[in-house]
Amino acid sequence: MTAALLAVDDVSVNFGGVAALRNVSFAVPARRIVSVIGPNGAGKTTLFNVITGFRKPTTGAVRIDGAAALGLPPHQIARRGLVRTFQKTEVFPDLTVYECTRIGLLNHAQPGVLEVLFGSRKLTQFIDAAKTEVALILETVGLGRKAAHLARELSYGEQRLLEVAVALAARPRLILLDEPSSGLNAEESLRLADLIRRLRDQGMSVMLIEHNMNVVMSVSDTVVVLHHGEKIAEGRPADIGRDAAVVSAYLGRDWGQDAAG
Amino acid sequence: MMLELLPQFIFNGLLIGASYALVAVGLTMIFGIMNIANFAHGEFYMLGGCIAFYLIDAFGINYLLAVPLTVVIVGALGLVLERLIFRRLRGKPAVSSVLATIGLGLVVQNTALAFWGPQPRPIPTSFSRLPVQLGPIFTTEARIFAVAVTVGALVLVHLFLNRTLWGTAMRATFQQAEAAALAAIPIDRVQTMTFALGAALAALGGALLGAIFFVHPTMGGTETLKAFIVVILGGLGSIPGSMVGGLILGLAESFGTVVSSAYKDAMGFALVIFVLIYRPDGLFKRS
Amino acid sequence: MAAWAVLLVALLSAPVVLGEGYELHLLIVSAIFVMLSSGLSLIVGHAGLLSLGHAAFFGLGAYTSALLYLRLGVPMWGGLPAAALVSGGAAYLIGLLVLKVRGHRFIITTIAFAEIARLVAVNTVDLTRGQMGLAGIQAPTITVPGLGTLDFGAKTEFYYLTLAFAAICVWTVARIVRSPIGWGLAAVRENENLGESVGVSAYRHSMIAFLVGGAFAGIAGSLHAHYMNFVSPDLFLFSYTTTMLVMVVIGGRTTIAGPVIGAVVFTFLPEYLRFVHQYRLIVLGAILLITVMLCPGGFVELWERWRRRAAVPAVGAS
């Protein structure tokens, strides 16, 4: 049996006496969409931070393609194909949309100083290919017409799209989106769900932290539920809606009825 | 022979350390409440010393009156600078406030140089210059006065922050500026007050130590550096940390003179580098 | 591109036009500062790291070259690469320690290193003669069979030498900044965490900036030593770093031309303000303060703003 793309193994995080995560384990195979849901403070972003190297867990392991990934700095995790977005939208403020997206391409190209000074065929090809690749990605997320705008001049929704564009440029095998639909209206959320499905169809896995249940239900293959740092349920969206523990902890009776209907 | 001198070294270290603490407390308060790294902070210390000297030298005021007068003057200057400059630095990226305060420091330092000249001079006091013996320690009246006032000031600051309404408002702004604003705390006024207080404390240090050592317009730069070292040792934004850090630096320099008086100033740098290697978050963990 | 070509021609003909007078001396000093400010702009401007100990690399390079000449008779041709290696090496070691932290801790530690270097230079009197400094550092001569002897002790020859090195520095910085490494530096400056999340190693890019900046400062130091024939611990003073910083910031810290303009302006200007020498630093500090508050992009930003406003067509009645 081949190793899962991502395996989270008994991860716990304690800081200052607070247990942010407690013995959390699950796996994300290739070409899957996994949503992580739970009330605020359940540890979802901490989980993302641990997976992507922004925080060391107190105990436990993270494996990418079966190989240990613990202690790796974030940029190394990105090189292995795991790219994340942040809960608070992050961009490169004084760079143009084009320049921002282009930075994602650095995930798979690290020229040396000498190569940069004296040039090389590989480098020239890379830089030429970069133009088309960035244009393509901007079209995919719908920012094509804003390529020359500065990132800080974009609207909130556009900055969110830019974040996704930057992440896509890094050619992730697993993209981790932290509350991608926050601040989006119903129509924008639909387009987001559509984008997420297209990413999976193109071969990526997607992990989502989401509060918008419509998005969660419509795109997810698997839903993982966190509560007080513990995984209290994992399964298909329909099953989760019926799980008593989940309903009582988080969702409430109204939601359970929506899922069934 | 060393052991006999131990209390002497400790006393001297505490004297210098307490003055470092005074300056660092102001610096850390400004950072905690306004999120600005003030690279001109040492100039308030310098102004404290130079203005005190000037008041006595030019107007014949008694030292014991000149000190509080100086503190008020520099506090007022701090207020003006906050309104004119530091208020506009809020919210700007860190690079801006560092560069801007470096520029400000240059202006203040060189204006003082143009006005007073580079000659180091001690502040004249009415204290007797004869050595006083306190147990195993040989000291002077001026030093005793300085230690008493510095420690007293630090205690007052502690009480102010923890027992008064204004102090509580300052601490609240320290932790969470947005929440404080929601709680109807006048952020602008708190920040102005904090800045003025920080400047005043630094000036006090300068006025006190200037009577024991020397004052000269270029002493602000080193003081800024030392204050930042203390803040690194004690943790940025931690007032108790600044107090303890100041004492540690003072003691380290005092004992450092045993090894080499030339490298005394390097003690602080050595401590910083040590902390960086072994305890990048500072000597004290924040709870 | 055309602007650089015109500049090049002007610079190449300077000794002919100006003779070996004071202006040529200022151009040589400017060229040395161009190396310092361009290198510093990689670190402070492009990578956004407030490294305020740059004078340390300058002084180290100067002393390395000076000591090699005075103690071992090594001419500048050996001293200069040695200076680059020593300063670059120091930058590497300092980077190892300091690039782990950010914020005020980073800044103070970089300042601390320059101060430590200065204290060492002042106190190891046997080696450095302390505050009195080392004198008699001669510039080299070359004897080319057929062409005769080139004496770099003469201003004209030394001018072309410094010009060449300054040009190499600016070219190197430009190549790096416009390359994918430059994209990475911008990422570190604009949003380090975001960069890390897409594979940009903040450490690697910062270190590249440090090494290149440090090595250039070392070269500048060596040239300074052999030009002035004298080195002293004053080369490590914070005021040197401040001057370089002002050149970078006021020129335009994320541009190529900015530090060059800044270096030239802030070498020539103080000389013409000699009569207000006392107030020179006050003016410098005030300019820094005002620039940062009102026009953080420096001269180049000012120029860009003016250009854009000039290009907007007059609004007629619509």
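Analyst: Helices (H or I, at least four residues) and strands (E, at least two) are DSSP runs, numbered from the N terminus. Over residues 253–261 of chain A, the pLDDT is below 50. Beyond near neighbours in sequence, that stretch has six contacts in the model, a contact being heavy atoms within 4.5 Å. Where pLDDT is low, the predicted coordinates should not be read in detail.

This is a predicted model: local features need pLDDT of at least 70, side-chain atom pairs count only at pLDDT 80 or more, and totals for chains, interfaces and linings use all residues. Residues are numbered from 1 along each chain as its sequence is written, chains are lettered from A and ligands numbered from 1 in the order in which they are written, and side-chain values use heavy atoms, with hydrogens and water left out.

Chain A as a whole averages a pLDDT of 88, with 94% of its residues at 70 or more. Chain B averages 87, also with 94% scoring at least 70. Within chain B, helix α7 (residues 177–182) has the lowest confidence, a mean of 64, and α2(B) the highest, 95. For chain C the mean is 89, and 97% of residues reach 70 or more. The complex has an ipTM of 0.90 and a pTM of 0.88 from the predictor.

Now the packing in chain A. The axes of helix α5 (residues 121–141) and helix α6 (residues 156–169) of chain A come within 9 Å and cross at roughly 140°. Axes are lines fitted to C-alpha atoms, for helices over the stretch in contact, and angles run from 0 to 180 degrees between N-to-C directions. That angle makes α5(A) oblique to α6(A). Angles under 35 degrees count as roughly parallel, over 145 as roughly antiparallel, 65 to 115 as roughly perpendicular and the rest as oblique.

Which residues meet? From α5(A) come A:Ile137, A:Leu138 and A:Val141. They face A:Leu161, A:Val164, A:Ala165, A:Leu168 and A:Ala169 of α6(A). By class, this contact has eight nonpolar, no polar and no charged residues. Ala, Val, Leu, Ile, Met, Phe, Trp, Tyr, Cys and Pro count as nonpolar, Asp, Glu, Lys and Arg as charged, and the others, Gly among them, as polar.

Helix α2 (residues 41–59) and helix α9 (residues 219–234) of chain B pack at about 135°, with axes 7 Å apart. That makes α2(B) oblique to α9(B). On the α2(B) side, the contact includes B:His41, B:Glu43 and B:Tyr45. On the α9(B) side, it includes B:Met219, B:Glu223 and B:Thr224. The residues of this contact divide into three nonpolar, six polar and two charged.

Key. pLDDT = per-residue confidence, 0-100.
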